[in-house]
Amino acid sequence: MNRPLIMLHGIHLNNYDGSLDGFYAGGFKWAAENGWGGEVLNFRPTSGRCYGHVEILGNSLHIEKLGTTPTSDSIDNVLVVWTAPDPSPRRGRIVVGWYDNATVYRDHQKPTGALKRARTYRDPYSHEPHVLSFQVEADEKDCRLLVPEERVLWIPPRKKGDKGIPGQSPVYFPELQAEVGPEIARRIRHFIETGKALPLAEAVSPKSGSKGHRFQPDPERRKEIEDAAMRIVTDHFKVLGYNVDDVSATNLGYDLVAVQGDATLCIEVKGRSGSAVVADFTYNEFDKIRLEERGQFLDGSYRICIVTDALGERARQKLHHFWCVTPPDVAQTASRQRVWQNVDGKGALELTPREAAQGRVR
């Protein structure tokens, strides 16, 4: 059984051993103003144990969310994942390390004796000593700090409409969140257990107020989604009486050819694990889409089918079928005004071209 998981957010440092190499405060105002933060000793062991500090408004952690009682002072055997602001322009958070088999306290613990001396940190600017409290502790052998090059697990910044993405709070319970939260937890556990550094799913909102969507970066998972979408679309058109051939391996810019009578449909299939109707298209696919919009696609009628919740229960799976049509009110205008309308008349697919660049050493 998986240990309960909590993610704690603090300043970015390279080593968390008392040095300020790699310091980046991100949105932490006090740290930005003072040039350091209480997390500075989070991975410097004392007598074989690491003690972790996290800045929490009100100083109390809701550890009952980890499976203990509302009156418990602490809980053992917790997986604590430490994140920090991503210093790169993409923002968001990155995973910097973890404590396994950790004890998490509801309230800040004030060190005494030798531990107090070890956790006394002198402000590098004012030289004033500070005794750093802690809220997490674990055996040194169960603590892993990732070097900067290993910090590949990224959590995108939350935007309006996103669900399950951590915001400003330094405390995050991913498996209790909606949408992408459990996926974040799954990928972190996978990395810790296997050492295979898979990126975290990116969750973004295409428009304010819309449901978040995400690209599925795990190639095995993505293949499952794509295969499920292909089966769903194939079965849909077979039920309608079409003969359906899979041509996805031929790089034609579409995946299926469905033929019935004089109708030939060239269908590009996209699968989604969530409920957002959104898809990315390759250059070849987008080229065929533009030909269809200009009336120059000659292989048949180009169609786009997006299957949402492709791996979910049958009742949740939904096929969204788009074809290129000219709206009745602009029937006499240029072909560039054609739109990708859902065949049920409810909504249209808006295509946003993206540019790329090539770098070359001269």
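Trainee: How many aromatic pairs does the count come to?

Mentor: Bear in mind that we're looking at a predicted model, where local features need pLDDT of at least 70 and side-chain atom pairs count only at pLDDT 80 or more, while totals for chains, interfaces and linings use all residues. Residues are numbered from 1 along each chain as its sequence is written, and side-chain values use heavy atoms, with hydrogens and water left out. The count comes to 13 aromatic pairs.

Trainee: What makes Trp82 and Tyr99 an aromatic pair, and what kind is it?

Mentor: Rings of Phe, Tyr and Trp (for Trp, the six-membered ring) pair if their centres lie within 6.5 Å; planes under 30 degrees apart count as stacked, over 60 as edge-to-face, and the rest as tilted. The centres of Trp82 and Tyr99 are 5.4 Å apart with 65° between the planes, giving an edge-to-face pair. Trp82 is in strand 3 and Tyr99 in strand 4, 17 residues apart. Those strands, like the helices, are DSSP runs numbered from the N terminus (strands are E, at least two residues; helices are H or I, at least four).

Trainee: How do you know whether Trp82 and Tyr99 are buried or exposed?

Mentor: Buried means under 20% relative accessible area, exposed over 50%, and partly exposed in between (1.4 Å probe, protein chains only). Trp82 has 3% and Tyr99 has 0%, so both count as buried.

Trainee: And why is the pair of Trp98 and Phe191 called what it is?

Mentor: Their ring centres are 5.9 Å apart and the planes sit at 80°, so that pair is edge-to-face as well. Trp98 is in strand 4 and Phe191 in helix 3, so the pair ties together parts 93 residues apart in sequence. Both Trp98 and Phe191 are buried. Ring pairs also link Tyr16, Phe43, Trp82 and Tyr99 into a cluster.

Trainee: What makes a set of residues a nonpolar core, and which ones have the most contacts inside the largest core here?

Mentor: A nonpolar core is a set of buried Ala, Val, Leu, Ile, Met, Phe, Trp, Tyr and Cys residues joined through side-chain atoms within 4.5 Å. The largest has 36 residues, and Ile6, Leu8, Val80, Trp82 and Tyr99 have the most contacts inside it. Strands 1 (5–9), 3 (74–85), 4 (93–109) and 7 (134–139) each supply at least two of its residues. Take Leu8: not counting residues up to four places away in sequence, its contacts (heavy atoms within 4.5 Å) include Val54, Leu61, Val80, Trp82 and Val136.

Trainee: What makes Glu285 and Lys270 a salt bridge?

Mentor: The rule asks for a side-chain nitrogen of Lys or Arg within 4 Å of a carboxyl oxygen of Asp or Glu. Glu285 and Lys270 come in at 3.0 Å, N to O, which meets it. This pair links distant parts of the chain, with Glu285 in helix 5 (residues 283–293) and Lys270 in strand 15 (residues 263–271), 15 residues apart. Glu285 is buried at 10%, and Lys270 is buried at 14%. Overall, the count comes to 15 salt bridges.

Trainee: How do you know how far apart Arg290 and Glu293 are along their helix?

Mentor: They're 3 residues apart in helix 5, so about one helical turn separates them. Arg290 is partly exposed at 26%, whereas Glu293 is buried at 10%.

Trainee: Last one: what makes Arg189 and Glu175 a polar contact?

Mentor: A polar contact is a pair of N or O atoms within 3.5 Å; within protein, one must be able to donate a hydrogen and the other to accept it, and residues adjacent in sequence count only if both atoms are side-chain atoms. The side chains of Arg189 and Glu175 make theirs at 3.0 Å. Arg189 is in helix 3 (residues 181–194) and counts as buried at 8%.
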